[in-house]
Amino acid sequence: MVRRSFVTLTLLGALAWGVSPVASGRAQPTAERAAETPPPAGADEAAADGASTTPDDDAPATDPAEPGADALGTPAEPGDDEPADGDDELADADADELADADALADDGEHGAPQALRYFLEDVEVVGNARTRAAVIRAYVPLERGEPFDPEESELETLQFALMGTGWFDEVQVRLRRGAQRGWVVLVVEVRERNTVVVEQIALGVAEGLSSSRTRDARVFPYVGLTLTETNLLGRGMRLSATGLLSRHHQGGRIDFAYPHVLGGNYGLRVAPFLNNSRQYFGHNPTVTTRCREPAPRDCVDEFEARNAVVFYRRGGFYLGTGRAIGSTLALDLGAQLEWVYVTSRPEAASEVRGSEIRPVDFSILPNRSFAAVLRIGLTYDRRDDPGLPTQGTYLRVQADAGTRLLGSAYDFVRLQAQFRQWVPLASHHTLRLSLFGGIVLGDAPFFYKFNASDMTDLIPSRLLEMQLDRRAPPNLLGTAIVFMRNEEVAVRADVEYNVSLLRHDRRGGLRGAHAYVNVGTYLLADLQDLQFAVPGLRGASRVPIDLTFDIGVRLDTSIGVFQFGFSNLLGFIQL
């Protein structure tokens, strides 16, 4: 999230946006981070006590599945040769060293040689002290006795997947001769890193109002923190706690993800939360409220305000499940149930948009209401490192649906997708391309809509879906974006250039430092504005788009990735 201060400090988690990563240059502009998906099945097997597995040197290996043919249907006879000697068994070998004429299959009809294939004899894990071996083995996309081609991408995909967990500083994958000709042992060597990380720190100041009647806005400090154990007890479980404290906003959330329920393929995620906050609406609106006591109950007061302020409390929990599909793809399903209590809200408000006066839509029911939201998400993650990626792809697609079938007072659908691609350039230089798009259909509450603070780097973004600063972002292009706050359609595209300033041994506290420059553009509007445009504006100014940019430094440390962004300085300058 972007934080407004003279120097913005953000810690990025060592995981594959959520939420947090849902579309701005820092964080996903969604009401919820991407669901944590457990490792593949098998992470809690009984043999998972951190010990490595090696083949029995005294007994020849057998094919547990007894495959009478290779993947092409050609007979294979992996056991008709004597075991290799001890020196060969201990030596690492690449595909050329492991090549053997008996591992080649002949086409029964034409006698043409087929692709070189081996049988997986075992998986050996080396270097793991805290992480259980079975948790690591669960990421291997091959079963024992399964034939595979070493030239295909399974081994590279395995390395990307293990690095993407954030549990290791280094991962090396290699093959070693097995006990029989044509059989190999897959050796996974890891070097572990600290898994208790400060996933996010938000320190800064923001401007707020004590009520709708208040004309004098005050600047106040805020602090937010997310502390996460990404590999609890070495079983791949994840436990995080997030808190926000300021004069006008308080909130907290605990997020627990268990990799496999009863040893099955699906995991469990539980995340209770509680917020006490306020939301700011309108651009110098006219606000109508009830008169203060001892005025009659039917008395109303109308005045011009800087913002219409809604005070609310929100609490509930997310309950979901998920499973890995291979090493790079993950599916998550869940539901979020929450109760909303609006403690104070104006009777009505209106604002000038272009040449007409429009009512302000508070997008929340008065008093108490209930929201039930179903969620499904799909994540593709093939980054080489979750903290400071230099190559790879990240894609997150998510759909949320509030439905009255579950008793929800809000009936809506929200669709969103985020894509990021890291392209290595010259030595220690990387280009990141990002694209985000989302749309909300129906009567969604305001915290499920897209907020301007999540789309731009120039003001503090939301934390725990709470709007920290009342101000609108700078209108650099002079367009209709000045009227947009909580809207139904959002699009952002940006390009980021990264330069490595420092690369230390990963065993130290400081592992690396990157400088970055980010430049992008974003669109934010409701469906009506896209269809009819804001009246009174001419030409390109009717399109609610604007520019955003950031410049800063990221530090990769043993407790997380620190990001120092300086774009918030411009929030105090009239551009």
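Contact here means heavy atoms within 4.5 Å. The model on display is predicted.

**First selection: helix H4.** Select residues 154–164, which form helix H4. This helix is mostly covered, with eight of its 11 residues buried. The buried positions are Leu-155, Thr-157, Leu-158, Phe-160, Ala-161, Leu-162, Met-163 and Gly-164. After H4 comes Gly-166, with a positive phi near 80°.

Select Phe-281, Phe-362, Ile-364 and Leu-524, the residues with the most contacts inside the largest nonpolar core, which has 43 residues. Elements giving two or more residues to this core include strand S7 (196–208), strand S15 (329–344) and strand S25 (510–525). Strand S14 supplies the largest share, three residues. Another core, of 24 residues, lies apart from the largest one; among its members are Tyr-118, Ile-136, Phe-168 and Val-184.

Move to strand S22 (residues 450–451), where Asn-451 lies. Is Asn-451 buried or exposed? Its relative accessible area is 3%, under the 20% limit, and Asn-451 is therefore buried. Show the side chains: Asn-451 is joined to Ser-453 by a polar contact of 2.6 Å and to Asn-486 by one of 2.8 Å. Beyond four places in sequence, Asn-451 touches Gln-279, Arg-462, Gln-467, Arg-485, Asn-486 and Leu-524.

Methods
Residues are numbered from 1 along each chain as its sequence is written. This is a predicted model: local features need pLDDT of at least 70, side-chain atom pairs count only at pLDDT 80 or more; totals for chains, interfaces and linings use all residues. Side-chain values use heavy atoms; hydrogens and water are left out. A nonpolar core is a set of buried Ala, Val, Leu, Ile, Met, Phe, Trp, Tyr and Cys residues joined through side-chain atoms within 4.5 Å. Buried means under 20% relative accessible area, exposed over 50%, partly exposed in between (1.4 Å probe, protein chains only). Helices (H or I, at least four residues) and strands (E, at least two) are DSSP runs, numbered from the N terminus. A polar contact is a pair of N or O atoms within 3.5 Å; within protein, one must be able to donate a hydrogen and the other to accept it, and residues adjacent in sequence count only if both atoms are side-chain atoms.
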